[in-house]
Amino acid sequence: MREFLNSGALLASRPGFVRLAWGSWRASAVAADSGPSFFIPDFFLTNSRPWAIPSQWRELPVSDFLGELSRWEEPVPELFWERPDLDEFRRSFEDLQRRFAAGQLKKAVPVVFECASLPFSPGMRATVLRNLLQRSGGRTRVYGFWNDEGGILGASPEDLFTLSTGNALRTMALAGTYRKKEGFDFSSILRDPKERREHQLVIDDLREALVPFGEVRVGETEVLELPSLVHLKTELEARLNEAVPF
């Protein structure tokens, strides 16, 4: 477990189970023929070897993994966050407005970052992993990859895609978000023109990307309710023209 917490990767691979990887890591241009491979590209997808392939891995029930983590936990101290650069946000926002006016963009999300410094020990990593898994409640996929140089830990309700033996590729549009508030009728998000328009942009983009590979079916839009947020969700399925080897 110490080696995993020092330099490892994690993915909630299927309901109730988690896949762990550790050991020596090999960078590759393609995924491994067998065993797990982790796609860890840079932001602009310029890395020619984005696949990280571990020398050791195992899959185990989440309940067993939580028990192992509890033996390594350390308290995480309070973080002191640096304020984001609002001038940078303003410049980005104004640039996007110009692009919208010129018809170059339909949707964009300007972002800024808050930062805090913390020597992140293996025990603290165990605490954060345990909290993520417990709070996800099986409704979001916990994921992570880390080593001495840095890493990422998070949870998401999205699946990038899944492939079935029937040669069906399934993915989802997940866009349009409300923070949960007691007593609020979240079904109203289905009637919100702004949220529906932005959600449709994502559906159209996914459909356009999938059409070259096969017939695409778009499901009904529904509300996905999570512990603290709700999203609009639409599932898409493409029946692939060519078989995908497993």
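Modeller: This is a predicted model, in which local features need pLDDT of at least 70, side-chain atom pairs count only at pLDDT 80 or more, and totals for chains, interfaces and linings use all residues. Residues are numbered from 1 along each chain as its sequence is written, and side-chain values use heavy atoms, with hydrogens and water left out.

Biologist: How far apart are the end C-alpha atoms of helix H3?

Modeller: Helices (H or I, at least four residues) and strands (E, at least two) are DSSP runs, numbered from the N terminus. Helix H3 covers residues 86-101, which is 16 residues. The expected span is 1.5 Å times one less than the number of residues.

Biologist: What is the order of the strands in the open sheet?

Modeller: Two strands pair if DSSP finds at least two bridges between them. The sheet has 6 strands with antiparallel pairing, in the order E3-E4-E2-E1-E5-E6.

Biologist: Which are the edge strands?

Modeller: An edge strand pairs on one side only. Here these are strand E3 (38-39) and strand E6 (150-156).

Biologist: In E5, which residue is the bridge partner of Leu11?

Modeller: Strand E1 (residues 8-14) and E5 run antiparallel and are joined by 4 bridges. In E5, the partner of Leu11 is Tyr143.

Biologist: Is Ser156 buried or exposed?

Modeller: Ser156 is placed in strand E6. Buried means under 20% relative accessible area, exposed over 50%, and partly exposed in between (1.4 Å probe, protein chains only). Ser156 has 17% relative accessibility, so Ser156 counts as buried.

Biologist: Leaving aside neighbours within four places in sequence, which residues are in contact with Ser156?

Modeller: Contact means heavy atoms within 4.5 Å. Separately, the side chain of Ser156 reaches the backbone nitrogen of Glu158 at 3.0 Å. With neighbours within four places left aside, the contacts of Ser156 are Thr140, Arg141 and Tyr143.

Key. Polar contact = N/O pair within 3.5 Å; in protein donor to acceptor, adjacent residues only side chain to side chain.
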